[in-house]
Structure formats: C-alpha cells, structure tokens
Amino acid sequence: WAARVSGPVVPIEELAIEVRGIAPDVAEQLGVSAGLQVVSAGRGAFFRTGDVILEFSGRPTQRPAELQALASEAARRRSLDAVVYRGGTAFRIARRW
C-alpha cells in the first residue's frame, strides 16, 4: 500500500539517504502539504530516518527525481540548504563541506 501511494524508495547517494513521497494521510497528520520522507539515512547524512524534506536549495520537494538533481548540484557546490520537518518542528539545515 505505501509504495502505491507514496511511490518507490529512491536512493539519493549524494546525501546518503533513501526517500519516498509522503502519503497524503501522513502529510495531513503532520500538517505539511508535500515533501519527501527519509526512510533510511546512512552514516554521515545530514538527515535522519523519519525526516520529511520540505525544501531543498530553495525549492519545494515533491518528487525524488527533483531531489536527485538538486542533490547532485549541491554536491558539486559542496553546500546544502534544506527545510526539514522533524519531531513536530520545521527548521532549516544549512551546511558546507
């Protein structure tokens, strides 16, 4: 059911995470309109499992393919700017590496 509603799990290698679309009922429960849910976060990732990525590089995130393209650009720039929903709060993550 989750894969049908939210789409498949997609790896975003540049960010050491796997994401899928957020199901409409989960989005409503969290009070967000859209985003991508982190289903797995690897060592050194800036994100945690369960995070919902609302924006990345100033753009709303709704499809994993969009995030893949933005993550590739962020990796080239070696900087990350994202708005994340975690633990009932939305906040910005801004990092350079």
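Let's start with a polar contact: a polar atom in the side chain of T49 sits 3.3 Å from the backbone nitrogen of A41. Keep in mind that this is a predicted model. T49 itself belongs to the loop that runs between strand 3 (36–41) and strand 4. Once you set aside its neighbours within four places in sequence, T49 touches V38, V39, S40 and A41. Is T49 buried or exposed? With a relative accessible area of 53%, T49 counts as exposed, because the cut-off for that label is over 50%.

Now jump to R76, 27 residues away from T49 along the chain; the two C-alpha atoms are 24 Å apart. That brings us to helix 3, which covers residues 64–77. Its 14 residues reach 20 Å from the first C-alpha to the last, close to the 20 Å expected at 1.5 Å a residue. Which residues of helix 3 are buried? They are P64, L67, L70, A71 and A74. These residues all fall on the same side of helix 3, because they cover an arc of only 120 degrees around the axis. There's a general rule in the background here: an α-helix has 3.6 residues a turn, so residues three or four places apart point the same way.

What do the buried residues of helix 3 pack against? Their partners are strand 1 (10–12), strand 2 (17–21), strand 3, strand 4, strand 5 (59–60) and strand 6. Just past the end of helix 3, R78 takes a positive phi of about 60 degrees.

S79 has a relative accessible area of 11%, so it is buried; the cut-off for that is under 20%. Leaving out neighbours within four places in sequence, S79 is in contact with A74, R95, R96 and W97. A74, remember, is one of the buried residues of helix 3. Strand 6 as a whole is mostly covered, with six of its eight residues buried.

Finally, look at how strand 6 pairs. With strand 4 (residues 52–56), the pairing is antiparallel and runs over four bridges. With strand 7 (residues 89–96), the pairing is again antiparallel, this time over eight bridges.

Key
Residues are numbered from 1 along each chain as its sequence is written. This is a predicted model: local features need pLDDT of at least 70, side-chain atom pairs count only at pLDDT 80 or more; totals for chains, interfaces and linings use all residues. Side-chain values use heavy atoms; hydrogens and water are left out. Buried means under 20% relative accessible area, exposed over 50%, partly exposed in between (1.4 Å probe, protein chains only). Contact means heavy atoms within 4.5 Å. Helices (H or I, at least four residues) and strands (E, at least two) are DSSP runs, numbered from the N terminus. Two strands pair if DSSP finds at least two bridges between them. A polar contact is a pair of N or O atoms within 3.5 Å; within protein, one must be able to donate a hydrogen and the other to accept it, and residues adjacent in sequence count only if both atoms are side-chain atoms. The expected span of a helix is 1.5 Å times one less than its number of residues. The arc is that of the directions from the helix axis to the C-beta atoms.
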